[in-house]
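Subject: Handover of a structure and notes on its helices and sheets

Dear colleague,

Please find below the structure that I am handing over to you. My notes on what was found in it follow directly after.

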Amino acid sequence: MNVRPIIWRDSQLFIIDQTMLPAEYREIPLDCVAAVWEAMRALRVRGAPALGVCAAFGLLVALQERAPKSVRDALNAVDEAANYLATARPTAVNLFWALERMQSFAHANAEAASAGELFERLEREACAIRDEDTACCKKIGAFGAELLSEGSGVLTHCNAGALATSAYGTALAVMYAAHEQGKTFHVYADETRPLLQGARLTAWELMQAGIEVTVICDNTAAQVMREGRVQLVITGADRIAANGDTANKIGTYALAVLARAHEIPFYVAAPLSTFDTALAHGGEIPIEQRPDEEITEGFGERTVPDGVRAYNPAFDVTPAHLVAGFITERGILRPPYDAAIAACFGPNTVAK
Ligand code: MRU
């Protein structure tokens, strides 16, 4: 799986425009900070780790646009752009994590001899964020592959693949690793209403990788479970609170409840950059509300009577007690999650 949704080439930022898939594979340049913000808001680039990586490079784009004359001007430009990019989407914590890391790095390098030198250092830091994410995804895949048994069925929701990260993915990394180990298995991909990340993106990715995939309507999940087609559910995450409550694409909570009802293990695959130990529980996670039109006239076709409103939260929160384990780059975290998560982050960064 060689798909890389965020490309930093000759000091220029490009992304795969995910709104065009699967009909068209197109790389588009993001040459101003407003374009980076718009690409994130419009889901041209999406998925928690990918948002973080894109925002890190977005700060470089902001510096190129501003062309600061001094280190002080450059630091101001970084702060301004970080505040602006942080407003693109509220739920995926990786966005804020990456922006804060770049900002702290910039201020810790205030002794750079020139704005140009600071830019070069920040460029290396953004590349490090990207490369560390790829390494985490590889480890998540390696740790998770043991959960996938030969001949089994696995259900996933939304897209937690290469397109949602710097490369390889989180939930899909588990499948790529199992596939590389020669295991055969079948993936059921929820289509993921209303924006169809499962049907458009997950199915596209798995097909590229030669992994057998069948798309189902979201409301078919219970039936495939009852028919015994699924032995494992794995999703990604946008933000995980200190107690393990997990925000992910709307519909994930329903899937976790169904998995419990059918005694099928429900796993969440995510790097530690997706954990927000400042939040005690999932009730504190901000949930993005998206426009009605994504439901009432998704993909250009009006499917709801004129004048009828829609309710369109982009994410829901799965309570920790429904999660069998968190597949991270440090291994699989098991309950009790408050202790397991605190152990990963150390005593000074644990929940309030
Ligand atoms: O609205 P999206 O497409 O950005 O939502 C993405 C998800 O919910 C993913 O499952 C999550 O970010 C995990 S990505 C590895």
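A crossing of two helices is called left-handed if the near helix is turned anticlockwise from the far one by less than a right angle, and right-handed if clockwise. Helices (H or I, at least four residues) and strands (E, at least two) are DSSP runs, numbered from the N terminus. By these terms, α3 passes α5 in a right-handed crossing.

Please note that this is a predicted model, in which local features need pLDDT of at least 70 and side-chain atom pairs count only at pLDDT 80 or more, while totals for chains, interfaces and linings use all residues. Residues are numbered from 1 along each chain as its sequence is written, and side-chain values use heavy atoms, with hydrogens and water left out.

Confidence

The score pLDDT is the predictor's confidence in each residue, from 0 to 100. Its mean over the protein is 97, and 98% of the residues reach 70 or more. Where pLDDT is low, the predicted coordinates should not be read in detail.

Helix pairs

Axes are lines fitted to C-alpha atoms, for helices over the stretch in contact, and angles run from 0 to 180 degrees between N-to-C directions. Angles under 35 degrees count as roughly parallel, over 145 as roughly antiparallel, 65 to 115 as roughly perpendicular and the rest as oblique.

Helix α3 (residues 71–85) packs against helix α5 (residues 115–144) at an angle of about 40°, and their axes are 8 Å apart. The two helices are therefore oblique to each other. Contact (heavy atoms within 4.5 Å) brings Val-71, Ala-74, Leu-75 and Val-78 of α3 together with Ala-115, Leu-118 and Leu-122 of α5. This contact of α3 with α5 comprises 7 nonpolar residues, no polar and no charged ones. Here Ala, Val, Leu, Ile, Met, Phe, Trp, Tyr, Cys and Pro count as nonpolar, Asp, Glu, Lys and Arg as charged, and the others, Gly among them, as polar.

How do helix α6 (residues 171–180) and helix α7 (residues 197–208) cross? Their axes come within 11 Å and cross at roughly 15°, so α6 and α7 are roughly parallel to each other. This crossing is right-handed as well. In α6, Leu-172, Met-175 and Tyr-176 meet Thr-202, Glu-205 and Leu-206 of α7. The residues of this contact divide into 4 nonpolar, 1 polar and 1 charged.

Sheets

Two strands pair if DSSP finds at least two bridges between them. An open sheet of 7 strands has the order β6-β5-β4-β7-β10-β13-β14, with mixed pairing. Its edges are β6 (213–216) and β14 (331–333); each has a single partner strand, so one side of each is left without a neighbour in the sheet. The twist averages 25° from one strand to the next. Within this sheet, strand β4 (residues 153–156) and strand β7 (residues 232–235) are parallel and share 2 bridges, and Leu-155 stands opposite Val-233 in β7. Helix α5 lies across β10, β13 (325–328) and β14, running at about 135° to β13. Helix α11 also packs on the sheet, where it touches β13 and β14, and its direction makes about 140° with that of β14.

A second open sheet has 3 strands in the order β1-β2-β3, with antiparallel pairing. β1 and strand β2 (residues 12–16) are joined by 4 bridges, and Ile-7 stands opposite Phe-14 in β2.

Yours sincerely
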